Amino acid sequence: MLLFRVLKEIKKKLKRKRRHVWSLGIGAAVFALATLAGSMGAYAIVKSWSNAVQGDAIAVFSASDKLGFGPGYGDANRDKTIAVLRERKEDVELVLHRTYLCGEETRKLGTHSAEEAYNLLLAHREWDASLTVGGKVTLTEDVDDLSPQCRKTAYIGVDQEGNLSLFNGPPQKDKVVRTFFQLDVKTLQTSLTQEKLEELMRGIRVSDKDEYNSVISTFSDYARMKSQGVLSPAE
């Protein structure tokens, strides 16, 4: 049962490396929007966003890299959206979608004039955008951090196939969010203590970007290449 001692040792090492990284909160986003917008139109959107109830935010624990908003997604689509908004007379519905290292979040910003949407998009060059025929503008942002939901429930452990994976909660077969790489069981068993292996089997809690990267980096040395054998998760 040497397996069960190896894992705790890893956890202790990881905890010493922890550094808390605060995610971009709604308050900071509101301040940034109000500062950068530089126009009454953008300010109106920021104000409505800051007063929005929590029910308007939809947290999604997902590993999706990009949403499929159709061909031309990216800078070209952003430029096209800006051009259309500059000439549009009708109001538009604004939705902000954020994709994190772990997790996603969608927030409704309400209905605003095309001019307000235009000013807001110009103020945030880091945002991509798409506009539907029905007048819905989806603003998208990549955030180099864990989502608020992911911070509360994320674990890194071993899935049923022996892959180092991200879980929504303690490792279970139906809760895998993202798979990183397959682990080499022989190297793990000869290199790690039993305590460290136990911790891995039970799942290593990660609550910020530094912990997330640290765990992946630690076990990347044990990624399975051509070696045989797969580490199975604890029942």
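Both cysteine 102 and cysteine 150 are buried in this predicted model. These two residues form a disulfide, with a distance of 1.7 Å between their sulfur atoms. Under the criterion applied here, the count comes to one disulfide. The pair joins distant parts of the chain, for cysteine 102 sits in strand β2 (residues 92-102) while cysteine 150 belongs to helix α6 (residues 148-153), and 48 residues separate them. The handedness of the bridge can be read from its geometry: the torsion about the S-S bond of cysteine 102 and cysteine 150 is about 85°, so the disulfide is right-handed.

Burial is also a theme in helix α5, which spans residues 114-123. This helix is mostly covered, with eight of its ten residues buried.

The largest pocket has a volume of about 150 Å³. Two elements each give two or more residues to its lining, namely α4 (75-87) and β4 (128-131). Of the elements, α4 contributes the most to this lining, with four residues. The residues that line the largest pocket are Asn77, Lys80, Thr81, Val84 and Arg88, together with Ser130, Leu131, Thr132 and Val133. Sorted by class, the lining holds four polar residues, three nonpolar ones and two charged ones. Lys80 and Arg88 are the charged members of this lining, whereas Val84, Leu131 and Val133 are the nonpolar ones.

A last stop is proline 170, found in the loop between β7 (163-168) and β8 (176-182). Its relative accessibility is 40%, and proline 170 therefore counts as partly exposed, a label that covers values between the 20% limit for buried and the 50% limit for exposed. When neighbours within four places in sequence are left aside, proline 170 is in contact with Tyr155 and Lys175. Proline 170 can also be placed relative to arginine 202: the two are 32 residues apart in sequence, and their C-alpha atoms are 6.9 Å apart in space.

Note on methods: Residues are numbered from 1 along each chain as its sequence is written. This is a predicted model: local features need pLDDT of at least 70, side-chain atom pairs count only at pLDDT 80 or more; totals for chains, interfaces and linings use all residues. Side-chain values use heavy atoms; hydrogens and water are left out. On a 1 Å grid over the protein atoms alone, a cavity is a set of points where a 1.4 Å probe fits but cannot get out, and a pocket is an open set with protein on both sides within 12 Å along at least five of seven lines; lining residues have an atom within 4 Å of a point. Grid points are joined across faces, edges and corners, and a volume is the space filled by probe spheres set on the points. A disulfide is a pair of cysteine sulfur atoms within 2.5 Å. Buried means under 20% relative accessible area, exposed over 50%, partly exposed in between (1.4 Å probe, protein chains only). Contact means heavy atoms within 4.5 Å.
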